[in-house]
Amino acid sequence: MGWTRRAWALAMIVVLSAVTGCAEDGGTTEAPTNQARSCEYPTSRTPARPVDPPPSEPARTGTATATLEMAAGTVTITMDRAKTPCTVNSFESLVQQQFYDDTRCHRLVDTGIFILQCGDPSAVGTGGPGYTFDDELTGSETYPAGTVAMANAGPNTNGSQFFIVWADTQLDPKYTVFGTVDPASLEVIQQIASQGVDGVDGVSPIADASIKTVVMG
């Protein structure tokens, strides 16, 4: 709708002031139904980078590991397929299609909550894979340092954007937790965060937070 980058940044501060602003109030968190039904990935908009939706039948057992080669160092995400099969299925598919390669983590928050947000090839905070999928929540999610969770714009609007929590953060349980990073990886993210946020747009990391490649394993 012709928003400027700064206008969008201000809007996203509202959305993600606890990464919670767009969620509708008054609802109760439903128990996850991820153990029985197929995953659905309805197309919703033009993708930021050409990509196909994931398969509808995910793997539901074991763990998956993604290795992000970032300018600041290597970040390893370990994901539990049994807990969030549809989310892990989507992430794996995007990695295999090189959706995250040569992208930049576009948003750093270092006040109130402590996250580095990535996954938008356009690096403006509005881009995604052209499809959405439902939350996989229990209602008891917590967000300690090292957590990897899906960013969203309200209930059941997951796409490609995710955030890494680099210091313990209090959030409502509205963001699907699908992985964790190991201590060495957390140090890489904390190093990025330690350099602060750009003073002009108020959201971009000052440090180079680019992702060179992501591979499974």
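A: Cysteine 105 and cysteine 118 are joined by a disulfide, with 2.0 Å from S to S. The model is a predicted one. The angle about the S-S bond is 95°, and the link of cysteine 105 and cysteine 118 is right-handed. Cysteine 105 lies in the loop between β3 and β4 (107-109), while cysteine 118 lies in strand β5 (residues 115-118), so this pair ties together parts that are 13 residues apart in sequence. Cysteine 105 has a relative accessible area of 0% and is therefore buried. Cysteine 118, at 1%, is buried as well.

The whole structure holds 2 disulfides. The other one joins cysteine 39 to cysteine 86, again with 2.0 Å from S to S. Here the angle about the S-S bond is -90°, and the link of cysteine 39 and cysteine 86 is left-handed. Cysteine 39 is in the loop between α1 (5-15) and β1 (63-70), and cysteine 86 is in helix α2, so the pair ties together parts that are 47 residues apart in sequence. Cysteine 39 and cysteine 86 are both buried. If the bonded cysteines of the chain are numbered in sequence order, the pairing reads 1-2, 3-4.

Helix α2 also holds serine 90. Serine 90 has 1% relative accessibility, so it counts as buried. Apart from neighbours within four places in sequence, serine 90 is in contact with Tyr41, Pro54, Tyr131, Phe133 and Gly159.

Next come the aromatic rings. There are 10 aromatic pairs in the structure. One of them is formed by phenylalanine 91 and phenylalanine 178, which is tilted, with 5.4 Å centre to centre and 45° between the planes. Phenylalanine 91 belongs to helix α2 (residues 85-96) and phenylalanine 178 to strand β8 (residues 177-181), so the pair ties together parts that are 87 residues apart in sequence. Phenylalanine 91 and phenylalanine 178 are both buried. Another pair, tyrosine 100 with phenylalanine 162, is edge-to-face: the centres are 5.6 Å apart and the planes are at 85°. Tyrosine 100 lies in the loop between α2 and β3 (103-104) and phenylalanine 162 in strand β7 (residues 162-165), so this pair ties together parts that are 62 residues apart in sequence. Ring pairs link Phe91, Phe99, Tyr100, Phe162 and Phe178 into a cluster.

A last point concerns confidence. The chain averages a pLDDT of 88, and 83% of the residues score at least 70. Over residues 1-18, however, the pLDDT stays under 50, and over residues 20-34 the pLDDT is below 50.

Definitions and conventions: Residues numbered from 1 in each chain as written. Predicted model: local features only at pLDDT ≥ 70, side-chain atom pairs only at ≥ 80, totals over all residues. Heavy atoms only, no water. Phe/Tyr/Trp six-rings, centres within 6.5 Å; stacked < 30°, edge-to-face > 60°. Helix = DSSP H or I, 4+ residues; strand = E, 2+ residues; numbered from the N terminus. Buried < 20%, exposed > 50% of the residue type's maximum accessible area, 1.4 Å probe, protein only. Contact = heavy atoms within 4.5 Å. pLDDT = per-residue confidence, 0-100. Disulfide = S-S within 2.5 Å.
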